[in-house]
Amino acid sequence: MRITDIEIKNFRAFPKNYEMNLSKSGKNLLVYGENGSGKSSLYLALKYFLESSADRDSERGKNTEFENHQNMFAEDPGHIKLSLRADRWSKKDTYEWSQRVKGETNDELITEASKSKGFLDYKDLLQVHYLQPEGEAVNVFDLLVKTLLANTVNPVTDQTLADAWDDCIKDPYPRSNATNKIATLEQKVGEFNDELVNRLDELRPKVRDLLGKFGYKVDLDLDFQGVTCNHTNKTLDNQQILLNVKFFDKDVSKQYLLLNEAKLSAIAISIYLSSILLLPDPKSGLRVLALDDVLIGLDMSNRFPVLDILEEYFRKYQIFLTTYDKAWYEAAKQRLSQKDWKYTEFYFNATDEYEIPVCKEDAPYLKKAREFLDENDYKASIIYLRTAFEGIIKKFCEKQKLSVRYCENPKKLTTEDFWQPIKTGKKKDGSPFLQNSVINKIEQYRTCVLNPLSHAIIVNVYRGEIEEAIKAVEELKAALA
């Protein structure tokens, strides 16, 4: 089950009706957005839609009233509509969350998806960054029990971890002479401890696996000694899961917050994503993972491991990834599959009264090159065509693990450095990667169109040359696919 269409009207930053089509197969979505352009409103639209089936008295229930999120400048009532398909050939079902329509999101499909969803933004990461140490290490008990692992289910009792904890704390602590009630409480606490131990046993190896993807010499452990009943003070003590961290085999638990921001972000992301992997599988198969600007604390080289993690561990999820970093957005597009992902850019236009988000679906570079050619904007067409060419050959070299000349500064590598090993390279069976006809066409247009300096000599380039260059790059792309 996948989301195929999103319609947002008069919700938070969106004062009008906005529609996003993710194709019949329900592609993942990568969004670039300027600050204030509405990308976080899209994130919250999905999050609150799924949470709108929650009990209004619960923590999540506070977000179930649509009117609390109505765009402040809109007079007409708004809504959020999600269209879902089991596969591209199935009938499309549409669900609405609004002030007018009640109950549609109480459908079992939505409630099950809400329990297994993963939503993470940069504010969530700060919970791990800035939790106050308790003695030797940072205590993540509340974060794990009340948030991250709350919806994990005991397969025997079919009870969530959050419900098991609520059973322990929902009633006042028994009086000292209430023997039966004390025994019942101790039993509930014991069962909760056992269940949490099982959850942490599942969580630890996953966290270590994901953290290892970043290449840091960092290891961590989640130390839980068990909640205890203090009959003297009438309290539940030892509500602690201590985050013990080692860096190059040196215990840095006391100095955890002295680790740089990239390592703290990697630890936080690993904990969050690992916890999502423990959530129950929804019967419908609708699994949503949304990450809103979570890569702020990571430099470019440390962001690619996140994409590797998503590709390896979250194939069953429909992923929504947003960023305000245009350079990262462009780099991610080159790395991600065009078949599985859709790309959209958010901007905003200011009126005399308020700002209006502008959502622009991002087409592949070759498509953009042809669109600009049709508009007689030769300069823009050539720039997109050259970018497409560079992206194709770089991606192929990486995929085939071809040797490219060493350069201390990768930015100084030229297209020739990637084109040469492809042009002369051979497959395992000894046949060349490319036929001479394809090589000759690319060589013909590299000097006049695919040259990085082509924009400076644009007056000497004719429409027909650009048209043929586009065809040559399309043929190259097909040959290297």
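Let's start with a pair of helices: H10 passes H14 in a left-handed crossing. Keep in mind that this is a predicted model.

**H10 against H14**

- Helix H10 covers residues 365–374, and it packs with H14 at an angle of about 165 degrees, the axes being 11 Å apart.
- Angles over 145 degrees count as roughly antiparallel, and H10 and H14 are therefore roughly antiparallel to each other.
- On the H10 side, the residues that meet H14 are Leu366, Ala369, Arg370, Leu373 and Asp374.
- Their partners in H14 are Arg463, Ile466, Glu467, Ile470, Lys471, Val473, Glu474 and Lys477.
- Sort that contact by class and you get six nonpolar residues, seven charged ones and no polar ones.

**H13 against H14**

- H14 (residues 463–480) also packs with helix H13 (residues 436–446), here at an angle of about 140 degrees and with the axes 9 Å apart.
- That angle makes H13 and H14 oblique to each other.
- Their crossing is left-handed.
- From H13, the contact uses Val438, Lys441, Ile442 and Tyr445.
- Facing them in H14 are Glu465, Glu468, Ala469, Ala472, Val473, Glu475 and Leu476.
- The contact of H13 with H14 has seven nonpolar and four charged residues, with no polar ones.

**H12 against H13**

- H13 has another packing partner in helix H12 (residues 415–424), with an angle of about 160 degrees and axes 12 Å apart.
- H12 and H13 are therefore roughly antiparallel to each other.
- H12 passes H13 in a left-handed crossing.
- H12 brings Thr415, Glu416, Trp419 and Lys423 to the contact, while H13 brings Ile439, Ile442, Glu443 and Arg446.
- By class, the contact of H12 with H13 holds three nonpolar, one polar and four charged residues.

**Cavities**

- How many cavities of 30 Å³ or more turn up in a search of the whole structure? There are two.
- The largest cavity has a volume of about 50 Å³.
- Lining the largest cavity are Asp293, Val294, Leu295, Ile296, Arg303, Thr322, Thr323, Tyr324, Asp325 and Trp328.
- Around the second largest cavity you'll find Leu42, Tyr43, Leu46, Ala290, Phe320 and Thr322.
- Helix H1 (39–51) and strand E15 (318–323) are the elements that give two or more residues to the lining of the second largest cavity.
- H1 gives the most to that lining, with three residues.
- Five residues in the lining of the second largest cavity are nonpolar and one is polar, with no charged ones.

**Backbone spots to check**

- Most residues other than glycine have a negative phi.
- Ser23 isn't a glycine, yet it has a positive phi of about 75 degrees.
- You'll find Ser23 in the loop between strand E2 (14–21) and strand E3 (28–33).
- Asn238 isn't a glycine either, and its phi is positive at about 60 degrees.
- Look for Asn238 in the loop between strand E11 (235–237) and strand E12 (242–247).

Conventions. Residues are numbered from 1 along each chain as its sequence is written. This is a predicted model: local features need pLDDT of at least 70, side-chain atom pairs count only at pLDDT 80 or more; totals for chains, interfaces and linings use all residues. Side-chain values use heavy atoms; hydrogens and water are left out. Axes are lines fitted to C-alpha atoms, for helices over the stretch in contact, and angles run from 0 to 180 degrees between N-to-C directions. Helices (H or I, at least four residues) and strands (E, at least two) are DSSP runs, numbered from the N terminus. Angles under 35 degrees count as roughly parallel, over 145 as roughly antiparallel, 65 to 115 as roughly perpendicular and the rest as oblique. A crossing is left-handed if the near helix is turned anticlockwise from the far one by less than a right angle, and right-handed if clockwise. Contact means heavy atoms within 4.5 Å. Ala, Val, Leu, Ile, Met, Phe, Trp, Tyr, Cys and Pro count as nonpolar, Asp, Glu, Lys and Arg as charged, and the others, Gly among them, as polar. On a 1 Å grid over the protein atoms alone, a cavity is a set of points where a 1.4 Å probe fits but cannot get out, and a pocket is an open set with protein on both sides within 12 Å along at least five of seven lines; lining residues have an atom within 4 Å of a point. Grid points are joined across faces, edges and corners, and a volume is the space filled by probe spheres set on the points.
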